[in-house]
Amino acid sequence: MIPPTTARGHIQLFSRTDRSPVRWRLLSANNRETGRGVESYRDVESCRVGIKDLQSVIDDLDAAVRRLGTKEWAWQLTRDGEPVIVSSRGFDRMIRCEQGLTHFLEQVRAAEIGTGVMISNARRW
């Protein structure tokens, strides 16, 4: 087991093809997705700049937990009323959704941005 002081998330860039828009997601220390950016970027460099911008203002974003249907909860972070980051999945309880948001916020502030781009059609985009 990794001690909590060294367990860190990292940001993975991904795209459908090498010419498709680039998006990002935060992976926890065990490589599970915890949240993802909503915006698509034209290239890797603009994606990296967008991520760094969000990291610098993460505490200024508005957080909301909401229902997805009757049995799931999701969180999102908004800027000027528009979603910019969303949870990676639905949660079965509101408290777990709030914990997921807290975990994301703790990790994303200092998360390193990966250098490459994962190219795959196999994932949910």
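**A look at the sheet**

Modeller: Ser-15 is a place to begin; this residue belongs to strand S1, which covers residues 10-15. Keep in mind that the model is predicted. Ser-15 counts as buried because its relative accessibility is 2%, under the 20% cut-off. A polar atom of the Ser-15 side chain lies 3.2 Å from the backbone oxygen of Ser-20.

Strands of a sheet pair through backbone hydrogen bonds, in either a parallel or an antiparallel way. Here the sheet is open and has 7 strands, with mixed pairing, in the order S4-S5-S6-S3-S2-S1-S7. Strand S4 (62-68) and strand S7 (112-119) stand at the edges with a single partner strand each, so one side of each has no neighbour in the sheet. On average, neighbouring strands of this sheet are turned by 30° against each other, direction ignored.

Asp-62 stands opposite Thr-78 in S5.

Two helices lie across strands of the sheet. Helix H1 (residues 44-57) lies across S1, strand S2 (23-27), S5, strand S6 (82-87) and S7, and runs at about 140° to S7. Helix H2 (residues 94-108) lies across S1, S2, strand S3 (33-37), S4, S5 and S6, and its direction is at about 40° to S5.

Definitions and conventions. Residues are numbered from 1 along each chain as its sequence is written. This is a predicted model: local features need pLDDT of at least 70, side-chain atom pairs count only at pLDDT 80 or more; totals for chains, interfaces and linings use all residues. Side-chain values use heavy atoms; hydrogens and water are left out. Helices (H or I, at least four residues) and strands (E, at least two) are DSSP runs, numbered from the N terminus. Buried means under 20% relative accessible area, exposed over 50%, partly exposed in between (1.4 Å probe, protein chains only). A polar contact is a pair of N or O atoms within 3.5 Å; within protein, one must be able to donate a hydrogen and the other to accept it, and residues adjacent in sequence count only if both atoms are side-chain atoms. Two strands pair if DSSP finds at least two bridges between them. Axes are lines fitted to C-alpha atoms, for helices over the stretch in contact, and angles run from 0 to 180 degrees between N-to-C directions. Contact means heavy atoms within 4.5 Å.
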